[in-house]
Structure formats: structure tokens, C-alpha cells
Amino acid sequence: MNLMQPFPIAVRALLRNKTRSFLTMLGVIIGVGSVISMVAVGEGAKSSVSKAFEQMGTNLLIVTSGSTRSGGFMGGMGSMPTLTWDDLDAIRSEAPSVRYAAPLMSQKTSIVGEDGNWNTQVNGTTPEYFPIRSWRVAEGSMFSASDIETNAKVVVLGQTVVSHVFGTGVDPVGKPVRIRGTPYQVIGILEKKGQSFGGTDLDDAAFVPISVFRGKLQGGLQQFITGVIFVGAGSAEETFRAQNQISSILADRHHIADRADDDFAVRNLTEIASARQQGMNTLTGLLAAIAVVSLLVGGIGIMNIMLVSVTERTREIGIRMAVGARPVHIMAQFLVEAMTLSMTGGLLGIGLGFGVSKILADNLVWAFVVRSDIVAVAFLFSAAVGVVFGLYPARKAMNLDPIEALRYE
Amino acid sequence: MKPVIRLEGVSKVYRAGETEVHALAGVDLEVGAGEFVAIMGPSGSGKSTLMNILGCLDRPTTGRYLLDGRDVTTFDRGRLAEERNRTIGFVFQGFNLLARTSALENVELPLVYSGAPRRERIRRAREALDRVGLTDRAHHAPSQLSGGQQQRVAIARALVTSPRLILADEPTGNLDTRTSIDVMALFQDLWRAGLTVLVVTHEPDVAGFAARVIATRDGRIVSDACQTARDARAAGGAP
Ligand SMILES: Nc1ncnc2c1ncn2[C@@H]1O[C@H](COP(=O)(O)OP(=O)(O)OP(=O)(O)O)[C@@H](O)[C@H]1O
Ligand SMILES: [Mg+2]
């Protein structure tokens with residue numbers, strides 16, 4: 001039997017009932033469309049998250065006050081500070097895998113310039129912070145270790161702060177600004193960093209030497225680091241080693257006997273990133289499962305309509321049998337019809353999926369990622385739906401008795 | 001000569017609840033190649049049942065049916081379909097054409113299932129339509145044709161695979177007298193061309209075209225007589 005032979009018959013039968021054919025396909029269209037857009041959403045979010053983590057810096061550890069169990073990511077930041085400046089020195093000198101360590105303390109306060117003022121995050125840190133975050137100055141220069149020793153009133157600004165305080169077309173390097181009444185000189189502007197995965201604008205920040213921050217902005221609790229310590233290691237492997245070294249140094253220094261009582265936390269961003277990715281994978285899988293269910297429902301719709309169609313066309317089947325159609329011919333005709341429905345639905349669904357993914361990606365500022373393997377799988381799945389759900393009606397048609405079929409009214 | 005049709009003790013029993021209907025009760029029949037047979041009998045006497053069995057559309061309850069010497073009672077559904085396709089052309093009282101499908105495509109249909117390539121299908125379907133005088137109606141749908149024209153399309157469809165045997169169950173039952181005569185003349189032409197033709201009819205006029213008339217009653221053959229076919233004699237072509 002020629003495999004293509006039932007195809008024109010099937011197409012004509014479907015075109016005869018365009019509206020019904022379309023409505024029948026709708027289930028598969030929506031099923032395939034949602035498989036593709038769901039996976040695209042998951043992938044888009046995943047790639048955006050990993051991009052955001054890359055922006056934060058690689059091989060990065062964050063040491064915070066408070067136990068790991070006291071909250072989620074950065075959950076320790078608001079709790080009672082336990083990290084001291086001596087701890088920082090110890091991390092720098094005693095942990096061999098630590099390449100850089102920098103304190104980071106922040107205050108939300110306003111910066112007043114010639115052209116305007118702007119409420120932003122003013123951070124105190126040391127020059128090591130910037131290589132840890134892989135963040136460079138775009139213009140001017142970074143403050144140096146000697147600026148810290150001399151309490152130099154200098155500031156490095158993020159791009160967002162520059163645009164609010166100075167406007168465009170002005171070179172702020174060398175210009176003065178005031179923070180809490182104290183005059184600072186702008187010595188550098190940081191390159192643009194974009195958004196973090198939480199959606200905050202990383203460029204909305206200013207950095208001053210840590211010594212100046214302690215003197216002018218910190219207030220009390222001078223012996224504690226009322227913030228976090230950023231640690232950079234040489235490689236991913238070094239990062240894990242550094243994490244262990246820091247943990248044991250701090251446990252030792254804080255006289256902690258049992259790991260459960262840690263009053264600090266060393267967080268590995270790679271870990272957090274991969275946990276997030278795994279969460280995304282789970283989510284993607286779940287959404288895909290829902291989409292598969294809707295595809296199955298679409299398949300049941302096809303089966304339903306094909307059963308109706310077999311009944312409606314009983315006489316036609318009788319006529320075909322009477323002139324010599326073998327049971328396989330009849331089965332092939334209805335099977336091909338079901339597959340044509342489901343595969344056309346699959347193709348339209350792929351189009352829909354692309355459209356929806358694009359719209360979602362544009363609106364959610366995600367990367368537009370349509371995985372070609374998912375598209376292929378969705379299409380094959382829709383073909384399989386046609387076969388599986390077309391089989392029963394096709395067998396029913398095939399098993400009709402020619403005489404009874406011809407008599408059917 | 002080897003018979004085209006040979007029935008040996010064929011019966012057909014329908015069971016409707018408690019009662020059994022013996023639509024055919026032990027029929028023996030032989031039809032040689034090139035015969036033109038009319039089957040007559042009162043309503044319910046089993047004519048259609050007999051034709052359906054002869055046409056491989058149905059199977060007897062008991063007995064054997066040898067078609068061209070092959071015992072088709074042992075055939076599966078697929079092989080019966082092949083016999084319907086190749087050996088037999090069946091013409092129904094109600095035409096049984098596919099609706100919304102042109103005359104040409106209706107005539108092509110048996111060739112679709114015999115696997116003929118498209119070009120050849122169209123050529124042979126046109127030839128068959130020419131033969132029944134419907135060359136100019138090839139692209140009309142059944143609903144655009146008169147009853148007589150529809151029946152001629154059905155005859156063209158029966159002819160298109162060049163079968164040995166033409167079976168017609170009351171082919172003129174839905175037609176007026178004038179058209180009936182045209183259609184019967186067409187069967188006679190086919191017979192003259194060498195086909196074996198069996199026609200079921202109620203009308204003696206129609207039966208008059210045949211060389212042999214079989215009468216049925218209560219599922220049995222009650223008479224089987226050769227007659228001098230009216231028009232056959234006139235044309236001088238009777239075998
Ligand atoms: N599918 C069936 N189920 C039950 N009984 C049937 C069936 N088909 C036919 N019969 C019975 O078999 C008998 C013969 O029917 P058949 O159709 O062969 O008669 P017929 O000679 O063709 O009559 P008509 O001239 O009216 O067409 C009838 O009594 C009929 O009721
Ligand atoms: Mg009848």
C-alpha cells in the first residue's frame with residue numbers, strides 16, 4: 001500500500017469541515033504552544049538568573065553575621081553583627097585559598113551635587129571589593145589603600161548616581177559632592193553593571209573608603225563590621241576550599257564548638273546559583289508536565305471528533321469497502337486524518353509558542369530562548385498523539401461490516 | 001467451461017432475537033462465463049442476500065462459494081476486498097456514490113485501492129465514463145446529476161477495474177421506465193463485450209433483456225430457465 005495514498009483523502013475530508021477541524025486542533029495547538037512557551041519562560045528565566053550571578057562575580061563568597069539558618073540569602077545582614085575587623089584580618093592572612101577579602105557596609109543616604117541630589121546606597125569598602133565583583137572604573141580611578149590610611153574624602157560613583165547628580169554631558173571626575181554634609185571629591189566612575197537577579201539597579205550606588213565610612217557614616221558598634229565581607233577565590237575549586245577555611249577560622253575565633261551554633265555564615269554564590277537553577281529546572285519540568293496533560297486532553301478531543309466522524313461517514317466507509325478498500329486502507333485513512341489534525345495543530349502550536357515566548361520575553365525582560373529540541377519533541381509528541389488517539393476510531397472504522405455500513409442511514 | 005460462479009448448498013441465517021430468518025436456504029447455482037442472468041422473485045425472497053454473497057460483501061452461513069474456482073468462503077476480509085476490487089463490479093439500487101465528489105473521482109475510486117498511479121486512474125476513469133456516455137459530466141457531483149446519470153456513473157465505477165463479473169441489485173429500481181431501458185441496454189452492451197452479468201429485478205420487462213432467468217422464493221431457487229433474450233436476439237449477439 002502506498003503510504004501517501006490516504007493523505008489527499010484525509011486532507012479533503014478535513015477541509016470539508018474547516019471550523020470543526022480547527023476547533024479539534026485547538027487542544028493540540030494550546031498544548032504544544034504551552035509546552036514551548038513554558039519551557040521558553042523557564043529557560044529565559046534560567047539564563048537571566050545565571051547572567052545576573054555572573055554579574056555578581058565568579059568564585060565569590062559572602063561572609064555574613066548570623067547563622068545560615070536565620071534566614072535565606074543575605075538573611076543575616078540585618079541581624080546582630082558578630083564579625084569584627086580582626087576577623088577580616090584573620091581571613092586575609094590565615095586562609096590560603098582566599099585571594100581577596102573586602103568589607104562592605106552600606107547606608108542609604110543622599111548625595112548632593114552641583115546639579116541635583118540623589119538618595120542612594122553609599123558603601124564603604126576597600127579596593128579589593130572591585131576585582132572580586134569584576135567591576136572596573138570606566139573613568140577616573142579607584143581609591144587606593146593609601147586613601148584608606150589617610151581617610152581621603154573621595155568617592156567613586158555608579159552610573160545611575162552620576163546621571164541623577166550631574167545629568168548628562170558633564171564629566172564629574174574631580175567635581176565635589178556632599179554626603180551628610182561632608183564634602184567628597186569624585187575620583188572615578190564605575191562601568192555599567194545593570195540589574196541584579198533581584199531586579200535592583202546595581203549602578204545605583206556610590207563607594208567611599210571604608211575608613212571614611214566608619215568615621216562619617218557608620219555610627220556606633222565600631223569594633224564590628226555592620227555589613228558583610230566579600231571574598232574572592234582563584235577558582236571554583238579554591239572557592240570551596242576557601243569556604244571551609246573561613247568557616248574554621250571564624251568558628252575558632254568565635255569559640256564555637258558545634259557547627260549548629262555558628263553566629264556567622266559563609267555563602268557560596270555558585271551554590272546559590274546552582275540551587276536556583278535547579279529550582280528553575282523543577283519549575284520548567286512542572287510546567288512542561290502541565291503542558292503534556294493539556295496535549296493529552298487535546299488528543300482526547302481528536303479521538304472524540306474522529307469517533308463522530310467515523311459514525312457520520314459510515315456510508316462512505318461502506319462505499320469504499322464495496323469498491324475494494326481493504327480494512328488497512330480504511331484504517332490508514334482515519335489514522336492519517338487524525339495525524340493530520342494533530343500535526344497541523346502541532347505546527348500551529350509551535351507558531352503560537354514562539355509568539356507567546358517572544359511576548360513574555362519582551363515583557364519580563366528575559367532572554368528569548370526557544371529550545372529547538374523542545375520544539376522537535378513537542379512536534380513528535382503531537383504526531384504521537386494523533387497516532388495514539390486516532391487508533392481507536394480508525395480501528396472502529398476498519399471493523400465495520402460493509403453491508404451494515406452501506407445500509408446505515 | 002469453468003463456471004465464474006458456483007454455489008454449493010449456500011444458506012444464510014439471520015437471527016433476530018428468538019426467531020431465525022432463513023434468507024437463503026440451500027442454494028446451488030452455476031453461472032458460466034459470458035452469461036446474462038436475471039434474478040426475479042417476490043420481496044423478501046433472498047435476492048439481495050444472494051447478490052451480497054456473490055459480491056463478496058457478505059459470507060454465507062453454510063455452504064461454499066467458488067468464484068472463478070477459488071473458494072472465497074475461506075478468504076479473510078482483506079482478500080474479499082481484493083475480489084470486490086478486481087473480479088467484481090457491483091451496482092446498487094441506491095447508486096451509492098460518494099457525495100460532494102465528482103463523477104470522475106467516484107469512478108476512479110476502485111483504482112485508488114488497486115494502487116493504480118494517478119495518471120492511469122484518470123485515463124481509465126475517463127474511458128469508463130465515455131463507455132456509459134457521460135464524457136461531458138465528468139466534473140459533476142452526484143447531486144448535480146439525474147438518477148439515470150448517477151446510475152451510469154455507478155456502472156462506470158463497476159467497470160473501471162475491468163472485472164469479469166458485473167452484479168446489479170435492482171439497478172433500475174429507482175429509475176423511470178425510459179431510463180431503465182437505457183440502463184439495461186448498457187448492461188446488455190457489457191454482456192456482449194464478454195462480461196458475465198447478473199441483474200436482480202422485479203420487472204419482467206427488465207428481465208426480458210437477459211438470456212437466463214432465475215426465480216427465487218423463500219430463500220430457494222424455484223425456477224431456472226433459459227429464454228431467448230429479446231434484444232440479444234435482435235442484435236444477433238447471443239452466445
Ligand atoms: N440484516 C438482516 N437481519 C435480519 N434479517 C434480514 C437481514 N437482511 C435480510 N434479512 C431478511 O432476509 C430475508 C431476505 O432479504 P433480502 O433483502 O435478501 O430480500 P430481497 O429478495 O432482496 O427483497 P426485496 O425485493 O424487497 O429487496 C428477508 O426476510 C429479510 O427480512
Ligand atoms: Mg433486495
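Into which domains is chain A divided?

1. Chain A is divided into domain 1 (7-52 + 278-407) and domain 2 (83-262), with bounds that come from an automatic or database domain assignment. The C-alpha centres of these two domains of chain A lie 56 Å apart.

2. A word on conventions before the details. This is a predicted model, where local features need pLDDT of at least 70, side-chain atom pairs count only at pLDDT 80 or more, and totals for chains, interfaces and linings use all residues. Residues are numbered from 1 along each chain as its sequence is written, chains are lettered from A and ligands numbered from 1 in the order in which they are written, and side-chain values use heavy atoms, with hydrogens and water left out.

3. Do have a look at ligand 1, which lies between chains A and B. Its shell holds 14 residues, the closest being Ser43(B), Gly44(B), Lys47(B), Ser48(B) and Thr49(B); a residue is near if one of its heavy atoms lies within 4 Å. Helices (H or I, at least four residues) and strands (E, at least two) are DSSP runs, numbered from the N terminus.

4. For His202(B), a polar side-chain atom lies 3.1 Å from a ligand oxygen, and for Glu170(B) the distance to a ligand oxygen is 3.4 Å. Taken alone, ligand 1 exposes 630 Å², and the protein buries 66% of that, by the Shrake-Rupley method with a 1.4 Å probe.

5. The shell around ligand 1 divides into four nonpolar, seven polar and three charged residues. In this scheme Ala, Val, Leu, Ile, Met, Phe, Trp, Tyr, Cys and Pro count as nonpolar, Asp, Glu, Lys and Arg as charged, and the others, Gly among them, as polar.

6. Next, the largest pocket, with a volume of about 1000 Å³. On a 1 Å grid over the protein atoms alone, a pocket is an open set with protein on both sides within 12 Å along at least five of seven lines, and lining residues have an atom within 4 Å of a point. The lining has 42 residues, of which Ile9(A), Arg16(A), Arg320(A), Leu98(B) and Thr101(B) lie nearest the pocket centre. Helix 1 of chain A gives the most, with six residues. By class, the lining has 18 nonpolar, 10 polar and 14 charged residues.

7. The whole structure has three cavities of 30 Å³ or more. The largest cavity has a volume of about 70 Å³, and residues of both chains line it, including Ala322(A), Val323(A), Phe90(B) and Arg157(B). Strand 6 of chain B gives the most to this lining, with three residues.

8. The second largest cavity holds about 50 Å³. Nearest its centre lie Ala40(A), Val41(A), Ser357(A), Ala361(A) and Ala367(A), and helix 2 and helix 11 of chain A each give two or more residues to the lining. That lining has eight nonpolar, two polar and no charged residues.

Methods:
A polar contact is a pair of N or O atoms within 3.5 Å; within protein, one must be able to donate a hydrogen and the other to accept it, and residues adjacent in sequence count only if both atoms are side-chain atoms. On a 1 Å grid over the protein atoms alone, a cavity is a set of points where a 1.4 Å probe fits but cannot get out, and a pocket is an open set with protein on both sides within 12 Å along at least five of seven lines; lining residues have an atom within 4 Å of a point. Grid points are joined across faces, edges and corners, and a volume is the space filled by probe spheres set on the points.
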